[in-house]
Amino acid sequence: MEFIQLLHRFVPPYRGHLTLNILFNLLSTILSLFSFAAIIPVLQILFGIAAADTEYITVTSAMSFQEFFDAAKNNIFYWLQSQIDVRGAGFVLFILGAFLVAATALKCACAYFASYHMIPIRTGVLRDLRQQLYDKVVSLPIGFFTQERKGDIMSRMTNDVLEVEVSIMAMLEMIFKDPIMIIIYLITLFTLSWRLTLFVLILLPTAGWFIGWVGRSLKRRSTKGQEQTADLLSQIEETLSGLRIVKAFNAETKLKSRFSKLNNTTRRTFIAIERKYQLAHPMSEFLGTALIAVLLWYGGGLILSDHSTIDAATFIYYLVIFYSIINPAKDLTKATYSIRKGMASLERIDRILATQSTIVEKELPLPLKSFTDKIEYRNVSFAYQPERPVLQSINLTIQKGQTVALVGQSGSGKTTMADLIPRFYDVIKGAVQIDGVDVRDVSTRDLRALMGNVNQEAILFNDTFYNNITFGVDTTQPAPNGQTWEEAVIAAAKIANAHDFIIATPEGYQTSIGDRGSRLSGGQRQRISIARAILKNPPILILDEATSALDTESEKLVQEALENLMRDRTTLVVAHRLSTIRNADLICVLHEGQIVEMGKHDELLAKQGYYHKLVQMQNGK
C-alpha cells in the first residue's frame with residue numbers, strides 16, 4: 001500500500017510518459033513471445049521431433065480460446081510443411097530466421113522506447129523532490145535550524161533524495177514492467193500446460209519468503225546508514241567552517257581520529273547493506289535454477305508418460321519462456337530491495353517535509369505597506385524552551401525616526417528581542433505591534449519588506465558584488481529615482497564606503513567575492529551588507545552588533561556607513577561596543593531578559609546603575 005501512495009505522490013505529473021512506457025513494455029513482451037515461438041516449428045518440422053498436422057483447420061468465431069490457439073498453431077505448421085514440400089527446408093529455415101530477427105528488432109525497439117519514456121519520469125521526480133525539500137527548508141523558521149544539524153539536512157537533500165529516486169524507478173518497473181512480462185508469460189505457460197504451471201506456482205511462495213526476509217532487514221540497515229552519512233557530512237561541514245580554530249589549537253589529530261572512527265563505522269554499515277543488496281541477484285538466480293531443475297524432472301515425467309498433454313518441442317518452448325521469467329523476477333527482487341532502501345530514506349525526508357512551521361500565516365492577513373507611527377513591545381515574553389524564559393514582560397515603544405539601542409551582557413535577550421520584529425520567532429505572551437497592528441496579523445513578506453538587517457556576521461553569497469548588493473530588491477522592476485540599477489548600486493556602495501575597494505578589483509562590480517565573501521576583509525564584507533540594506537531603502541533598520549567584530553580602522557569606516565544608512569530611518573541597534581550608541585535617542589539596558597534601565601547615554605551614566613557598570617567594564621575600570 002505504501003508503494004501505491006508513493007507513486008500517487010510523485011508520478012501523476014508524468015502520466016503521459018508512464019502510459020507510453022507501459023504500452024511499449026507490453027508490446028516488447030508480446031513480441032518476445034512471438035520470437036520464441038519460432039523454436040517450436042524449427043524443432044517439430046525441420047528436426048523431426050514431431051510431425052505437424054497436415055490438414056488445414058478453418059478458424060470460426062464459435063471456437064474457444066484454446067481451440068483458436070490450437071487451430072492457429074496447426075495452420076502455421078501446415079503452411080510451413082507445405083513450403084517445405086514445395087521450396088525445401090532451407091527456404092523455411094530462412095523464413096523462420098528472418099521472422100526471428102524482425103520480431104527481435106521490434107522487441108528491442110519497443111524496449112528502448114519504454115526506457116526512453118522512463119527517463120523524463122526519473123529526472124522529473126528527482127527535480128521535484130529536491131525542489132520540495134529546498135522550498136520547505138527555505139520556508140521553515142530560523143528556530144528549526146537551531147535544533148538540526150546542517151550536515152544532516154544536506155544529507156537528506158542529496159543522498160536520501162537519490163535513494164528515493166532509485167526506489168521510485170525500481171517501483172515503477174516493479175509495478176508496470178516486470179509484472180506485465182511475468183503475467184503475460186504465465187498466461188502463455190498456463191495455455192501450454194496448466195499442470196506444469198500450477199506445479200511451479202506451488203513452489204514460488206517459498207522463494208518469496210526468503211526475498212521478503214532479506215528486504216525487511218535491508219530497510220533497517222539503510223536507515224542507520226543514511227543517519228551515519230549525515231553524521232559524516234555534519235563533521236565535514238563543522239571542520240571546514242572551523243578550520244582556522246582547528247589549526248590554531250593543533251586539533252588536526254583529534255579530528256582525524258574522530259572522523260576515522262565514524263568513517264569506519266559507516267563503512268561497516270554499508271558493507272552489510274551492499275552485501276544484502278547484492279544477495280538479490282544470486283539468490284533469485286539460484287532459486288530460478290532450482291525451479292527449472294524441478295520443472296525438468298516433473299515435466300520430463302509428464303512427457304514420458306503415455307497420457308501427456310504436451311510434446312517435447314512445446315516443452316522446450318515452455319522452458320524458454322519460463323527461463324525468460326527469471327530475469328524480470330530477479331529485477332523484481334532487486335526492485336524490492338531498492339524500494340526498502342528508498343522507503344528508509346523517504347522517512348528521513350518526510351521528517352523535514354512534514355515539519356510544521358511555528359510561524360503560521362493568517363489566511364487573510366491585514367495589509368501593511370508602509371510604516372508611519374511606531375513599533376511597540378506590549379508585555380512581551382519569549383522562551384526557546386518553556387522552562388527557560390529569555391524575555392519577560394518587555395514593554396517598549398520605538399517612535400518613527402528614533403534610534404533605540406539594546407545593551408546588556410551576553411545572553412540577556414538583546415538579539416532575541418530584535419528578532420521578534422521581523423517575526424523570526426513568535427512571542428509566547430503579549431504582542432509586537434507596528435502602527436498598532438500585531439505582526440502576527442500581517443504577512444511575513446509585507447512585514448519584512450519594511451526592514452533591513454545588518455548583522456554581526458555579514459552574510460554574503462558566492463556571487464558578484466553587484467548581485468550581492470541587489471540581493472534584497474527586484475531588479476526586474478524599475479530602479480528608484482529614475483536611475484538604472486547599475487547607477488543605484490554604485491550610489492549605495494558609495495554611501496556604504498564600499499565603492500573604492502570594489503572598483504579596485506579586476507572586474508569591478510562583476511567580480512566574484514568567493515564563498516561567504518572569503519576574498520574580502522571583515523570590514524569590506526560588512527560594508528557590502530550595508531550597501532545591500534541601503535539599496536533596499538527600508539523604513540525600519542535592525543543592526544545586530546554590526547561593528548563588534550571589526551578592527552578600529554574598519555569600524556570607523558563601517559560606523560560612518562551605518563550613520564549614513566540610519567539617517568531618516570527608525571533603527572533598532574543591538575550594541576556590544578557602547579561607544580557606538582552614545583547618540584542613540586533611547587538606550588534600553590537588558591538584564592536576564594528584562595529591561596532594567598532606559599534613557600539616554602548621559603542620563604543612564606548619572607543613575608550609576610547597570611549601564612554605568614557596563615561602561616566602566618568596557619573602559620577597563
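Reader: What makes K613 and M617 exposed residues of α22, and which face of α22 carries them?

Author: In this predicted model, K613 and M617 sit on the face of α22 turned away from its buried side, and they are called exposed because exposed means over 50% relative accessible area, buried under 20% and partly exposed in between, with a 1.4 Å probe and protein chains only. The model counts local features at pLDDT of at least 70 and side-chain atom pairs at pLDDT 80 or more, while totals for chains, interfaces and linings use all residues. Residues are numbered from 1 along each chain as its sequence is written, and side-chain values use heavy atoms, leaving out hydrogens and water.

Reader: Which residues of α22 are buried, and how do you know on which side of α22 they lie?

Author: In helix α22, residues 610–618, the buried ones are Y611, H612, L614 and V615. These residues cover an arc of only 160° around the axis, so they are on the same side of α22; the arc is that of the directions from the helix axis to the C-beta atoms. Their cover includes β3 (403–408), β9 (586–591), β10 (594–599) and α21 (601–607), where helices (H or I, at least four residues) and strands (E, at least two) are DSSP runs numbered from the N terminus.

Reader: Why is T355 called buried?

Author: T355, in the loop between α13 (312–353) and β1 (374–385), has 17% relative accessibility and therefore counts as buried. Leaving aside neighbours within four places in sequence, T355 is in contact with K136, L140 and F144, contact meaning heavy atoms within 4.5 Å.
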